[in-house]
Structures are given as C-alpha cells and as structure tokens.
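Subject: Structure handover

Hello,

Here is the structure I promised to pass on. Please open it alongside this email.

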Amino acid sequence: MSSVDLEKLKMTCGGRAMAVLTSGGDAQGMNAAVRAVTRMGIYVGAKVYLIYEGYQGLVDGGDNIKLAHWHSVTNIIQLGGTIIGSARCKAFTTREGRLAAAFNLVQKGITNLCVCGGDGSLTGANIFRTEWSSLLDELVQKGRITDTLSKQHNHLNIVGLVGSIDNDFCGTDMTIGADSALHRIMEIIDAIMTTAQSHQRTFVLEVMGRHCGYLALVSALASGADWLFIPEAPPQEGWEDRMCARLETSRIKGSRLNIIIIAEGAIDRNGKPISSTYVKDSSKLGVEAVIALMEASPDTPACVIGLSGNHAVRLPLMECVEMTKLVQTAMNEKRFDEAVKLRGGSFENNWNIYKLLAFQKPAQTESKLESACLCLPQSNFAVAILNVGAPAAGMNAAVRSAVRLALAHGHKVYGVHDGFQGLANGAVFEMEWHTVAGWTGQGSSLLGTKRTLPSKLLEKIAENITKFNISALLVIGGFEAYRGVLELFEARGHYDELCIPMCVIPATISNNVPGTDFSLGADTAVNAAMEGCDKIKQSASGTKRRVFVVETMGGYCGYLATSTGIAVGADAAYIFEDPINIHDLKTNVEHLAEKMKKDIQRGLVLRNEKCHEYYTTDFIHRLYSSEGKGIFDCRVNVLGHLQQGGAPSPFDRNYGTKLGVRAIQWISKKLTEHFRQGRVFANSPETASVLTLKRKVISFVPVTELKDQTDFEHRMPKVQWWYNLRTMLRMLAKYQTSFCDYVPGEIEHVTRRSISIDAGF
C-alpha cells in the first residue's frame, strides 16, 4: 500500500471509534500492545476505548468500557500482565451474551475491535463479527436500538493480536508473551545449573505447554538439556531404560550436571501422560493492528497480526485457527510426525537439531538433518573455529553446535584463541565433544576474541594453516570477521593455503554486518539496554518532570538505539543514519516541555554513541538542562558494556545453535566438493561466504558480493532494513509525522507450505 493511501486513512479516521481488549490468559507484552494500539488509534484521529476484564467487560458494559486518552497508557510498556485485565467469559459463548456485547459497543459507536488473546479468544471474536448484522437486527426488533443506529453501525471490523506464552498459533513466528516466558525459564535453568554442578544431581524441570511443546523444546535446545519430553513427539516404548542409560553414561564421562525438561502436556505413544514426578522416579505489533482496522471494509476478512521473520504481516484469522486445530487433531490421532510438521518449519527444525546435538553418536537419532550428515564421507578434515571482534552473546552457543556437528561428521576440530591474531601466533588447540559442555548459556567469548584484521598477518596465518593441516575456517564475529575473511579471500592469489572454505557467522551487538537482518548478540544487547532503561525510569518514580539522556553502543549503526527506543517507549532516538541538526534538537526539547506541562512526568531520549561528531551526549544533556529549566530537569546515563549482556537471551542461544549447525553443513559440503588429489582447493567466490538471514531465508552470500552493499568507513551496510521502524517510534511519541516511510503489513495466507519455512529462530 502506498503512503498516499495511508495519508488519506489518517484524514478519514476522525470520529471513528475503536476498542481494545485482552482475553484469556495474560502474557508479558500485552501492555506494550495495548499502549501501541491506543496511541496509534489516537494518533490517526480515532476515538479509542479500553475494555476492562476482557469479554466479561464487553458483556457487562458500563464502566468496563472507558474512553482512553494518550496518558491512559503512560508507563505501562514495561509492566507484566495486562492493566485492563483479562477474564474468561462463559456468557460470551452464548448468543445472549454476544447480544449484550453488541448493544454495549453500539451505544459507544464502536465498530472496530482489536482483540489480544489466544486462538479461543480470536475464534470468539470472529463469531461475533459474523453474527454482528443479525445481532443488530435482533436489538432493533426488541426495541433496544433504533433502525437508524443499526444502519450507522452495520459492520464490525476485527483485528487480532496473538497473546500466548505457548507460541501455539499457526501462521505467526512468535506470539506475544512467548519470548518473555523463555527468558523466565532460562533464568531458572541457569540458576539450577549452578546447584546441580555443585551436588552432581539430575534436575527434572516441568514447563508450561499443555498442547504445545514450544517452550520445552526451545529451552532444551538453548540449555543443552539431556532429555526432552514434548506432546508432539512422544518417546518410543522403553524410553525409561534408554534415558537412565544415557544419564549413567554421562556421569561416567565426568558430567556433574544433567537436566531433563518436560512439557506439562507430554504423553507417551499410547496417549498416557508423562508427569515430572514419574520422570523423577525413573531418574518478543499494535501499530499494524490499528492500520489494519482503519483500512478494513465490510468485505475485509478478520485478520490477526503476526510476525514473518522480522516483518509484521496480516494473516486471515480463520486460516490460522483451522491450521492450529489440525495440530491437535494429528496428535489425537497419534500422527505425531505430522503434528511436528504442522507446528511449522522452525519447530520441526528445532526438534531435529535438538535430537542431533543431544547424542554423541549420530546414528542413534532419527532427524532429517542427521541423515544428511551421515551421507557425508568421514574424511577427517580439520576445521578451525575462531571468534573475531568484540564479544557477543550467542558466540559460545554457535561454537558448541559447530564443534559437535563437525565431530559427528568425522572432522577434527580446532579452537583458536584470540581471533586472527591467535591463528597467526599458533594459539590452536584440539576440541572434543566434552570441551563445549555447558557453553550454550555462557556469555562473552570462551575462545577469546580480538578485533585484529589478518592483512598484516597473512604469512604466519598461512604457515599455521599448513602446520595444523586446516581444511576450513569458521569465523564467528562482527564487522571485522566479515572484513577479515574478505581480506583472506583477496589474498588467495598470493597464498594457496587460503584456498579453503571459509564461513562467517555474524555475531555483534551492533547488528552491522552486511547482508543479514540479524547478528548473534543483538537480541541480548537490546534486552540489556531495555532493562537498563526500565531501571533508570523506575529510579525516578517518585520524581516528577525529569528527562533522561541515555547513550547506547552500536558504533555508527543505530539498530540498538532504535530497537531499544521502541521497546521502552522513548521520546527520541538519535542515530547516525538519521542526521540531526540544532533545529531538530530544539523541536524535541519543546515537544518534551509541552508534554511535561500536561500529563507526562518523565522523558527518555536515547543517543547512539556515534550519532554526531559535535552533538555529543554531554552537549545534548547540557542543552536539555538549559532549555528545560523551570519545566524539567535532566540526567545522563551511559549504558556502556552493560549492553553486551551476561547470559545470552533464549533467542541468541537458539539462533546461535542453529547457525552453528548450518555453517558446518555448508562447510562439509564445500569440503567434499573441493577435495581433489589428496587436498582441499577452494578458490571460487562462493567458498568464502557470510551466513545471512533475510526475512525468513537463510543464505550463504559470498563476501565479494557484499562489498558494494558495505560502507567500510562507518562499518555498516549502506541500506538498513530496520530504518522504517523509526516512523513508528516517532508516532508513538506523539510527533506529527508523515506516513510516507511507514510500510504496512501485507496479507499472507496460512498454508502448509507457508508454515513449513524456518524463520531462523
């Protein structure tokens, strides 16, 4: 849709009424959605109502349906649960209940409804929409509303936001609340690990997931759990003996820690529940929702707003619901392989990778990925793995999965301390299966990393490649990793030793590696920056009218500042890619001063560390302090290396694990393709590549192809995919902003083929 259409949308929205409710179980992130829907609705000129206590409030009406103002949702973005409440409502399942709900909406002039909840809540919303005309007719017949009022409100538009910690809704890659639930689980597992290692114990951890094993599966993958039970893939008969034997073998090999994870809905092949007690005895949208509502017509089908990779999309509601129901049907009929496939490509790939990495002997597992591995010749090639650039959370997870899969392929694996410098110095050691035990949850870089580029170390690097008979390089790191491999490729004409497969896994909190949407460590960094900003705002909870200027890392790349700004509801985020001048700063100060005079008591301004040569953090702090004098005071905070985070986020653990597997699969393929006359000789461009993720597509892009896309002076891509998100940030901060840069979500149909694509996480 063009920006012109969106401008017309804003002009025609004045006076239209919409409402938002949350239903079913609460999930962290619902408040952020409520805030975004409310403020975006007000921004485009609609009257926005908040419906308290879910469908029960809609049926009861009265004070449960309240007109919202901009400040109604101030300071809620970081709160858990939902401030407008969520209640299950039997009355709404009856026509009489829905008749009462329709009457209450018509009385307020509301014909646009945004529902945040699970599949049951969204199915109820669609039934309500389908019956709307007949409900109004009945209200007219009973004399409760006039025929004129009925004709004025003859159509109800519905848009859904999926709120469920189970991530069990087909069509969207991630539901509201699932990522936060994973964070809580990983915090518990990390805490348990310390105790378990001290006492040489096995811990059985039961997590939520009555009908969906997503939380259990991803937390098992992210923690390197020894055994996993999920409802979609019941264990084979005799699993008790096999599990105990595996745990015993693990102990014999010196492991002090064993963790078993079980989803609450886990069952055996006969459908009998597997409880944690029995096992023990045996051993990250609201803006797009508003746009979709305001664009809707009587012919527009009800939709939900989902995620496709890193883009918001509109999905036909009932297509999603029907596909979700097919999963449960398959499980009820014991077609468990089909159930795994219906969960989607990401779920299936997570399951396959978990099985692959959980066992030392590949032949003991059944995954498709593993079968592909077993087809490869066991040629005992030597693969060297190194980290380059600044430390980033998820590096160790990628190393762990790469080491174990390479060993399963029959390769020898070398670890290299301190990046290219270490490779030149011969800081190389052999890695075994047990070397990387427990690495998934560790932050920073256990191999050690440096920013040193290889251009001045080429001779020594070539010597050590020969000395250790290294046949391939896996380089995990940021911009220097990409640039370093590019330098090695360009030196191939002088050193035959460099004619080997080389793969880069992007890992940097700056998210500035060309060719990919996401780098390892960026998610953890945004979470750390967000938590820091939340604590900064909370520190002033008893202080009125205060503005915080917070400096973020990221070099010249503004991803970290922009993403954090959206997550914490910042008033502005200054970045290098969006140049600022003194007029912009003056406008921001005046905007904040005006807000402080009304209902907003605190402000937050983010500044990327290299956004401007002269408008430094100190300069902006002094400017705000001077111009805001008498209206607000100003404080400055520099987050610094706090943003590198401690333990990796669940996303970075899972993403790193998957990238490590993909990289070794690619390397193994290139080794067999380029093995001739007793040696590996790979000098074509595609043999030195960056592992990239664009939308949902994982690719290996030659470093030479990325040169034209790269701003080498500022160490970042020339075009940033996330730049359009800044329009959303400004709109939600109540700036008068053109829609020209806003890219609305597209309709995507939900089919078996569409859900089979792995989103990469």
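Below is what turned up, taken region by region. Please keep in mind that this is a predicted model.

**The open sheet**

Start with the sheet made of four strands. It is open, and its order is S18-S19-S17-S20. The pairing is parallel. Strand S18 (572-574) and strand S20 (633-638) are the edges, and each of them pairs on one side only. From one strand to the next, the twist averages 20 degrees.

Inside this sheet, look at S17 (residues 546-552) and S19 (residues 602-608). Seven bridges join these two strands in the parallel sense.

Helix H23 (residues 617-627) lies across S17, S18, S19 and S20. H23 runs at about 165 degrees to S20.

Next, go to strand S9 (residues 303-308). Is it mostly covered or mostly exposed? It is mostly covered, with six of its six residues buried. Cys303, Ile305 and Leu307 point one way, while Val304, Gly306 and Ser308 point the other way. In a regular strand, side chains alternate between the two faces of the sheet.

S9 has a parallel neighbour in strand S5 (residues 157-162), joined to it by three bridges. There, Val159 stands opposite Cys303. S9 also pairs with strand S10 (residues 311-316), this time in the antiparallel sense and over six bridges. Val304 stands opposite Leu315 in that pairing.

**Asp517**

Asp517 sits in the loop between strand S16 (502-506) and helix H20 (522-539). Why does Asp517 count as buried? Its relative accessibility is 4%, and buried means under 20%. Asp517 and Gly309 are 208 residues apart in sequence. In space, their C-alpha atoms are 9.3 Å apart.

**Aromatic rings**

The whole structure holds 18 aromatic pairs. One of them is Phe128 with Trp132: the ring centres are 5.6 Å apart and the planes stand at 85 degrees, so this pair is edge-to-face. Both residues lie in helix H5 (residues 119-141), four residues apart, or about one turn of the helix. Phe128 is buried, at a relative accessible area of 0%. Trp132 is buried too, at 1%.

Phe229 and Trp239 are also edge-to-face, because their planes are at 75 degrees; the ring centres are 4.8 Å apart. This pair links distant parts of the chain, ten residues apart. Phe229 is in strand S7 (residues 227-229), and Trp239 is in helix H9 (residues 239-252). Both residues are buried.

Phe518, Tyr559, Phe651, Tyr655, Trp721 and Trp722 form it.

Two charged residues lie over ring faces. Lys66 is over Tyr52, at 5.2 Å from the ring centre. Arg144 is over Phe103, at 4.3 Å from the ring centre.

**A helix pair**

Last, see helix H16 (residues 395-408) and helix H24 (residues 650-673). They pack at an angle of about 35 degrees, and their axes are 7 Å apart. The crossing is right-handed. On the H16 side, the contact is made by Ala397, Ala398, Ser401, Ala402, Leu405 and Ala406. On the H24 side, the residues include Gly656, Gly660 and Ile664.

Best wishes

Terms used:
Residues numbered from 1 in each chain as written. Predicted model: local features only at pLDDT ≥ 70, side-chain atom pairs only at ≥ 80, totals over all residues. Heavy atoms only, no water. Pairing = 2+ DSSP bridges. Axes fitted to C-alpha atoms, helices over the stretch in contact; angles between N-to-C directions. Contact = heavy atoms within 4.5 Å. Phe/Tyr/Trp six-rings, centres within 6.5 Å; stacked < 30°, edge-to-face > 60°. Buried < 20%, exposed > 50% of the residue type's maximum accessible area, 1.4 Å probe, protein only. Lys NZ or Arg CZ within 6 Å of the ring centre and 35° of its normal. Left-handed = near helix turned anticlockwise from the far one by under 90°.
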